[in-house]
Amino acid sequence: MIKAASRTRNFTYAIRNIVAEAKKLEREGREVIYLNIGDPVLYGFNTPPHVVQALERALRDGRNGYAPSTGILEAREAVARESISRGINISADDVVITSGASEAVDIVLSALLEPGDEVLAPTPGYPLYTAVVSKLGSQERTYRLDPTNNWEPSVEDIRAAITPRTRAIVIINPNNPTGAVYSRKKLLEVLAVAEEAGLVVLADEVYWRLTYEQQAPPIASLVDDRVPVITFESLSKIYLAPGWRLGWMKLSNSHLMGDLKTGINKLADARLCSPGPAQYAVAAALEGDHSYLEDVMRRFRDRRDLTHQRINAIKGMNCSLPGGAFYVMAQIERLDGATDEEFVLSLLRETGILFVHGSGFGMNKADGYFRIVYLPEPEVLNLVFDRVQKFAEAWRPSARATLKR
Ligand SMILES: Cc1ncc(COP(=O)(O)O)c(C=O)c1O
């Protein structure tokens, strides 16, 4: 037996782990409706043709070799131009192209953290941060997103969680798993705390164009020259190409990051480069036609409204109206002693519908939260909520017995 390193024991990845249970059901011949993963392509949303064509062209033109480790200049310049047009003061030299935003997060945290250092991340939160911080032997400290206040972060909580070992604050806007979009005022408060404590702000903005009523301002556009900000973006969500694994980081106020930037570049060198051909689609995506998003956002909005309305119509369930992305964090108010995971697994067994339990995002397992990905067609969502309603209204401690049998 080969023993795995202890660093792999400390984290789980609920969004994918829970699928094992669903697969078991499928092997028993049952049909499962997957509402656990934020991949719009699975639900019929397609990468815009002009972006696909740019990738095709790159492949045919023989752009199949290694790219420079920080990415091709054409892509980095396109990212910088788009950033400048949104009030972010960076140059192509401050951009590193990565294998999705995920790799950017991994590289930055690896370049930043010593074992025992701390990162402040939101709860509920996207589990990538927990996973990488844990892998590095560093500590995640959490600040709370308030469900009674549209899942806004509490700046008092952030301030209270800072210790001498804290190095960075993660802010995810629009947010996964809550779908919340933060106001400019809230972002300015976060920047003020970062400045006070001398921290780097890690801004995860992979959903920035996917908002409904109110836009999500880039936090790096609100910064003066005193707070270092690293922003993560990608082609995954906005350009509907998660499988291409193409993203980037943008270093704002890189003059405050001399050594960190060197560290990031060394780690980027060591993994050679991110997927080369897809880098040729970055300029086409960022500077091409965005009208496809009107239809996409209309369809997302209908599904969001339907989900919000149907959940709140179920006795004993509630959710707030998310301002962006494609997630709702719902709550079953009475778990009758069960955990949120037991509720989700029991729901899966009874109804064939797969959500992710809130404790997979760091929520208290007794609080009854679960995340819904509302990407399927309205007819499917209606069927889902018919079944959820029936299940929730019959939910008793005895319902748990189904799971244990
Ligand atoms: C908040 C957040 N950040 C990062 C990612 C990862 O994005 P990418 O596909 O660019 O690695 C996701 C994916 O779901 C996400 O929700």
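Predicted model: local features only at pLDDT ≥ 70, side-chain atom pairs only at ≥ 80, totals over all residues.
Residues are numbered from 1 along each chain as its sequence is written, and side-chain values use heavy atoms, leaving out hydrogens and water.

Okay, sheets. Helices (H or I, at least four residues) and strands (E, at least two) are DSSP runs, numbered from the N terminus, and two strands pair if DSSP finds at least two bridges between them. There's an open sheet of eight strands with mixed pairing, in the order 2-9-8-7-6-3-4-5. Strand 2 (95–98) and strand 5 (152–153) sit at the edges with a single partner strand each, so one side of each has no neighbour in the sheet. Further in, strand 7 (residues 200–204) runs parallel to strand 8 (residues 229–234), joined by four bridges; Ala203 has Thr231 as its bridge partner in strand 8. Helix 8 (residues 184–197) packs on this sheet, touching strands 5, 6, 7 and 8 (contact means heavy atoms within 4.5 Å).

Now strand 11 (residues 327–332). Six of its six residues are buried, meaning under 20% relative accessible area with a 1.4 Å probe, protein chains only. In a regular strand the side chains alternate between the two faces of the sheet. Here, Tyr327, Met329 and Gln331 are buried on one side, and Val328, Ala330 and Ile332 on the other. Its antiparallel partners include strand 10 (residues 317–319), over three bridges, with Asn318 opposite Gln331. Strand 14 (residues 369–373) is also antiparallel to strand 11, with five bridges, and there Met329 faces Arg371.

On to the holes. On a 1 Å grid over the protein atoms alone, a cavity is a set of points where a 1.4 Å probe fits but cannot get out, while a pocket is an open set with protein on both sides within 12 Å along at least five of seven lines; lining residues have an atom within 4 Å of a point.

The largest pocket comes out at about 670 Å³. Helix 5 gives the largest share of the lining, five residues.

Key: Axes fitted to C-alpha atoms, helices over the stretch in contact; angles between N-to-C directions. Buried < 20%, exposed > 50% of the residue type's maximum accessible area, 1.4 Å probe, protein only. Points joined across faces, edges and corners; volume = space filled by probe spheres on them.
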